[in-house]
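Notes follow in the order I looked things up.

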Amino acid sequence: MEEPMPPESPHPAKDVTQHVGYLLKRAQAALRGAMDKVLREHGLTVPQYATLELLALHPGMSNADLARATFVTRQSGNVVLRGLQEAGLITRPATADHGRARPAHLTGEGHARLAAVQAAVYAVEQRMVEAIPPQRMAALLTDLDRVAAALEE
């Protein structure tokens with residue numbers, strides 16, 4: 001009995017470690033590890049940090065909107081928000097004015113914690129982008145956006 005022919009690779013690669021998806025995951029894992037390390041020193045997780053950043057830019061976001069923007073489920077987003085609220089970094093009303101959304105806002109302590117951690121996180125981003133020639137940055141960002149859009153359709 002003959003073995004079936006494997007499907008053809010979507011692009012030339014000697015093995016799976018050279019596939020786009022594998023390399024994207026490797027970069028994501030390296031970024032997550034570096035961020036986890038610097039955030040741990042400030043008592044935050046990546047989803048908590050991302051939530052603080054988003055609330056600084058868009059005060060009043062709901063749990064559902066924050067969950068989507070930070071790539072977690074609504075249930076996990078609610079856990080993140082509860083933890084930030086218990087730490088005194090955000091406020092949310094006890095009940096919703098209408099519907100189920102309870103808009104979240106940074107407290108003074110939330111703004112201070114975010115400011116304290118931003119330099120460390122931005123240093124991680126700087127290390128990452130320094131590996132990319134400046135003339136290729138715009139194309140890379142466009143291509144990454146296209147990849148995400150292609151898979152979200």
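I am working from a predicted model. I began with helix α1 (residues 20-40) and helix α5 (residues 108-129), whose axes lie 9 Å apart at an angle of about 155 degrees. Angles over 145 degrees count as roughly antiparallel, and α1 and α5 are therefore roughly antiparallel to each other. I noted the crossing of α1 past α5 as right-handed. On the α1 side I listed L31, A34, M35, V38 and L39; on the α5 side, V117, A120, V121, V124, R127 and M128. Sorted by class, this α1-α5 contact holds 10 nonpolar residues, no polar ones and 1 charged.

Next I checked helix α2 (residues 46-57) against helix α4 (residues 74-86). Their axes come within 10 Å and cross at roughly 75 degrees, so I put α2 and α4 down as roughly perpendicular to each other. From α2, the residues P47, Q48, T51 and L52 meet V80, L81 and L84 of α4. The class count for α2 with α4 is 5 nonpolar, 2 polar and no charged residues.

Then I turned to the whole protein. I found 6 helices and 2 strands, in the order α-α-α-α-β-β-α-α from the N terminus. The radius of gyration is 20 Å, well over the 15 Å that the globule rule gives for 153 residues, so the protein is more spread out than a compact globule. I read the span of the C-alpha trace along its principal axes as about 65 × 40 × 30 Å. Buried residues account for 24% of the 153. Of the contacts between residues at least 6 apart in sequence, 45% join residues at least 24 apart.

Terms used: Residues are numbered from 1 along each chain as its sequence is written. This is a predicted model: local features need pLDDT of at least 70, side-chain atom pairs count only at pLDDT 80 or more; totals for chains, interfaces and linings use all residues. Side-chain values use heavy atoms; hydrogens and water are left out. Axes are lines fitted to C-alpha atoms, for helices over the stretch in contact, and angles run from 0 to 180 degrees between N-to-C directions. Helices (H or I, at least four residues) and strands (E, at least two) are DSSP runs, numbered from the N terminus. Angles under 35 degrees count as roughly parallel, over 145 as roughly antiparallel, 65 to 115 as roughly perpendicular and the rest as oblique. A crossing is left-handed if the near helix is turned anticlockwise from the far one by less than a right angle, and right-handed if clockwise. Contact means heavy atoms within 4.5 Å. Ala, Val, Leu, Ile, Met, Phe, Trp, Tyr, Cys and Pro count as nonpolar, Asp, Glu, Lys and Arg as charged, and the others, Gly among them, as polar. The radius of gyration is taken over C-alpha atoms; the globule rule is 2.2 Å times the number of residues to the power 0.38. Buried means under 20% relative accessible area, exposed over 50%, partly exposed in between (1.4 Å probe, protein chains only).
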